[in-house]
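Here is a short report for someone meeting this structure for the first time. Keep the view open while reading.

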Amino acid sequence: MKKQILIPVVLTGLLIGFLSASQLWPRPSRAEGIARLFVEYCLPHHHGKDMRPKAMAEFVAERSDLAETRWIDNETASYLSLKADKCGINTIHPFAISREDAEELLNLVEAIVQESFPELPFDPKATMGPNSISKGWMQGSSFSPDRWGVFFWAFPDWGESSGSTLFLASPRLKTDLGAN
């Protein structure tokens, strides 16, 4: 077969293949990507699994101090942070999530909380002001070591201050507070 015929046939086949693949396996939305990070990192972290080695292997670390390291997820343009009693996923300007992504993520988080933490009640006090999207499911008295839960806050329309935060705060152990 001649090159003049073979090259256009191969290129046409590749183009058709890529277009078909994008229809068969569409890229997840940004909200779905952030929800996936929450399920893959925050839920196991909450149950005592150290997720830092996996984060170190998959993401770019922003700081070298492990206690304060944030890992950058290029796919979702978000930061993952893991602390002893908290796992958080944040976006900041200029990579803040849009209002549409925030609303989609809130719906996904509601479903995750219902499935993973049915014991967590909705906290009507967990709101963060006008022009924001926020919801929380918390248990325990405010400011007590027993307080834990899931909180989502997005402020997509705040210009250069735009961003979002999704976190899972775990109850602190008595040993974390210095008590026996």
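The model is predicted. Its 7 strands form an open sheet in the order β1-β2-β3-β4-β7-β6-β5, with antiparallel pairing. Strands β1 (60-61) and β5 (133-139) stand at the edges. Each has a single partner strand, so one side of each is left without a neighbour in the sheet. Inside the order, β4 (residues 86-92) pairs with β7 (residues 163-169) over 7 bridges. There, Thr-91 stands opposite Ser-164 in β7.

Helix α2 (residues 30-46) lies across β2, β3, β4, β6 and β7, and runs at about 160° to β4. Helix α4 (residues 99-116) also packs on the sheet, where it touches β5, β6 and β7. The direction of α4 makes about 20° with that of β5.

The count of aromatic pairs is 6.

| Pair | Centre to centre | Angle between planes |
|---|---|---|
| Phe-117 and Trp-148 | 5.5 Å | 70° |
| Trp-153 and Trp-158 | 5.9 Å | 80° |

Phe-117 sits in the loop between α4 and β5, and Trp-148 in strand β6, 31 residues apart. Phe-117 is buried at 2% relative accessible area. Trp-148 is buried too, at 10%. In the other pair, Trp-153 counts as buried at 18%, while Trp-158 is partly exposed at 33%. Trp-153, Phe-155 and Trp-158 form one aromatic cluster.

Asp-73 lies in strand β2 (residues 70-73). Asp-73 is buried yet has no salt bridge. Asp-73 does touch Arg-36, along with Leu-37, Phe-59 and Ser-78.

Terms used: Residues numbered from 1 in each chain as written. Predicted model: local features only at pLDDT ≥ 70, side-chain atom pairs only at ≥ 80, totals over all residues. Heavy atoms only, no water. Helix = DSSP H or I, 4+ residues; strand = E, 2+ residues; numbered from the N terminus. Buried < 20%, exposed > 50% of the residue type's maximum accessible area, 1.4 Å probe, protein only. Lys, Arg positive; Asp, Glu negative; His and termini not counted. Salt bridge = Lys/Arg side-chain N within 4 Å of Asp/Glu carboxyl O. Contact = heavy atoms within 4.5 Å. Pairing = 2+ DSSP bridges. Axes fitted to C-alpha atoms, helices over the stretch in contact; angles between N-to-C directions. Phe/Tyr/Trp six-rings, centres within 6.5 Å; stacked < 30°, edge-to-face > 60°. Lists of a residue's contacts leave out its neighbours within four places in sequence.
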